[in-house]
Amino acid sequence: MTTTNDLSQHSPELRAAARHIGRRRFLTLTGAAAALAFSVQLPAPVAASAAARGARRIADDPFTLGVASGDPLPDSVVLWTRLAPVPFQADGGMTAEPVAVRWEVAHDEAFTRVAASGETVAHPEYHHSVHVDVTGLEAGRVYHYRFRTGTWISETGRTRTAPAASAATTALTFAAVSCQAYADGYYTAYRHLAQDDVDVVLHLGDYLYEYAVNSAGGYRNYTDRTLPAVFNREAMTLEDYRLRYALFKSDPDLRAAHAAHPFVVTWDDHETENNYAGDTPENSVPPAEFLLRRASAYRAYWENQPLREPQRPTGPDMRLYRRLHWGRLAQFDVLDTRQYRSNQAYGDGAQVPGPEIDDPARTMTGATQERWLLDGWRASTALWNVVPQQVTFSQRKFDLTEPSRVSMDAWDGYRASRRRVLDGAKAAGVENLMVLTGDVHVGYAFDIKDDFDDAGSATLGTEIVATSIASGRDGADKPANWDTYMKANPHLRFYNGRRGYVRVALGERLARADFRTVPYVTTPGAPVTTAASFVTQVGGHGLTPA
């Protein structure tokens, strides 16, 4: 936890910059961009000769953080890398000059049949990150890609495009992942996921944690390396967040998963700060200071993810919610339940519900995003409507006594907002709704009920909660509260507290969810098993064991 005193001690530059931007009500988009300019300027036009010179000056392998792809469309996919010969230095071991980077996309791993190629510039203002939106590709195809700069060639990544919008696609397999606290253990689940046969990976948030990581890597307990002191403090500034991404992305298992599959990412709280809500920080710091921190966190997030230009933030604002399709089989409405939400009710945490959670003025998504979601459902022609988002959507009672406590940070704390979403799904005629969730470091399978307090009410969809990659350390198959949760929540069909991921196969008749878990993460090399599998039939509205 960070106190106001911590902020004063650890980030005087944040406080100094915040004095220039004033109170929140004066912080326009232009003002936010000006505030962020205290840390980073926007790139200027670059001559090709200057960028070429920058490439020739790189003496060591700049592709230490690997490659990634994301947000596949029928004719395009985003390719990502970042040049960082010395990733744990603030400048990544790069000089403050633009660098020319070549990219190639091929039909085969040997690159004998090149489908597209070109050159872009890695700008120092964006920490020498590269985002290439490759267009003109064939729909529903697997591709291989790589980058070149100077004499250096990156590892080869594998990606794919989505099927054509009108395609009668019969199958899609995706993985859902979340919550990868570096200090809590190894990313073993990613090593297994890299070898799994999935079309796309959905990251549901907490890709990064702002918390300090000590010289031994926390519970990784390194004996073969010593992490630098720059990680042993909470991330506050743009430099802090950039360095933290370098640490997380240096993990070989995460690199392998990114190289193997395209990712569709969304964030939760820890990419910025624990349990922040919209403009409201976790702790009592001036709003202007928090918004500058948020701007820094959002900037670093975009720089380090395979995202398109429309997602590039302006100051403390970033349009991350977006819609993707997989032929006529599935529509993905990727939500952001952090940036626009009302502050948590009753001081956050686990609380007995009160009238505030039913206040229709409070929102989890903000009015604009909520309207976008419901309009998208009304226009949807997909068989499956999938909603990748962050916090537990279904009711989750913590106690056997009534009234039971529930989480004020989850949708239980925003009950009026959830009611509007469910009513919108019913009004739009959404028959096969699947909500994907991260955040809680356990695996759950829920039936989404029209009335969670009436076991006989209609089931409107399913919620699949992906456990964490590492957060929470080793975990347990049956956490201490397992019996209580299963009895208090009859719509909860499965609960497991190990680390891992969920693999979901969507088809024309049913969807199948496999909860893939590893027995430990505090030491490397754990095997993976399937803890449980569930299916839901098209039009069936409910989960049954497979």
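A crossing of two helices is called left-handed if the near helix is turned anticlockwise from the far one by less than a right angle, and right-handed if clockwise. Helices (H or I, at least four residues) and strands (E, at least two) are DSSP runs, numbered from the N terminus. The structure described here is a predicted model, in which local features need pLDDT of at least 70, side-chain atom pairs count only at pLDDT 80 or more, and totals for chains, interfaces and linings use all residues. Residues are numbered from 1 along each chain as its sequence is written, and side-chain values use heavy atoms, with hydrogens and water left out.

Two packed helices are described by the angle between their axes and the distance between the axes. Axes are lines fitted to C-alpha atoms, for helices over the stretch in contact, and angles run from 0 to 180 degrees between N-to-C directions. Helix α6 (residues 238–249) passes helix α8 in a right-handed crossing. The angle between α6 and α8 (residues 287–303) is about 30 degrees, and their axes lie 8 Å apart. On the α6 side, the contact (heavy atoms within 4.5 Å) is made by Leu238, Tyr241, Arg242 and Tyr245. On the α8 side, Arg293, Ser296, Ala297, Arg299, Ala300, Tyr301 and Glu303 take part. By class, the contact of α6 with α8 has six nonpolar, one polar and four charged residues. In this scheme Ala, Val, Leu, Ile, Met, Phe, Trp, Tyr, Cys and Pro count as nonpolar, Asp, Glu, Lys and Arg as charged, and the others, Gly among them, as polar.

The crossing of α5 past α7 is left-handed. Thr188, Tyr190, Arg191 and Ala194 of α5 meet Pro252, Asp253, Leu254, Ala256, Ala257 and Ala260 of α7. These contact residues divide into seven nonpolar, one polar and two charged.

Within α5, Arg191 is partly exposed, with a relative accessible area of 33%. Buried means under 20% relative accessible area, exposed over 50%, and partly exposed in between (1.4 Å probe, protein chains only). Leaving aside residues up to four places away in sequence, Arg191 touches Pro252, Asp253 and Ala256. The C-alpha atoms of Arg191 and Val528 are separated by 9.8 Å, although the two residues are 337 residues apart along the chain.

Helix α7 is mostly covered, with seven of its nine residues buried. The buried residues are Asp253, Leu254, Ala256, Ala257, His258, Ala259 and Ala260. They pack against β1 (67–70), β6, β8, α5, α6 and β11 (263–265).

Six of the eight residues of strand β6 (residues 142–149) are buried, so β6 is largely enclosed by the rest of the structure. Two strands pair if DSSP finds at least two bridges between them. Strand β3 (residues 99–106) pairs with β6 in the antiparallel sense over five bridges, and Val105 has Tyr145 in β6 as its bridge partner. Strand β8 (residues 157–160) is joined to β6 by four bridges, again antiparallel, with Tyr143 opposite Thr159 of β8. Strand β7 (residues 152–153) pairs with β6 over two bridges, also in the antiparallel sense, and Arg148 is partnered by Ile153 in β7. The hairpin of β6 and β7 has two residues between the strands, and Gly150 takes a positive phi near 55 degrees.

Ala511 stands opposite Thr536 in β23. Two bridges join β23 to the antiparallel strand β24 (residues 544–545), where Pro545 is the bridge partner of Phe534. β23 and β24 form a hairpin with six residues between them, and Gly539 in the turn has a positive phi of about 75 degrees.

His491 lies in the loop between α11 (482–488) and β21 (492–507). Its relative accessible area is 5%, which means that His491 is buried. Not counting residues up to four places away in sequence, His491 touches Ser394, Gln395, Ala445, Phe446, Asp447, Lys449 and Phe452.
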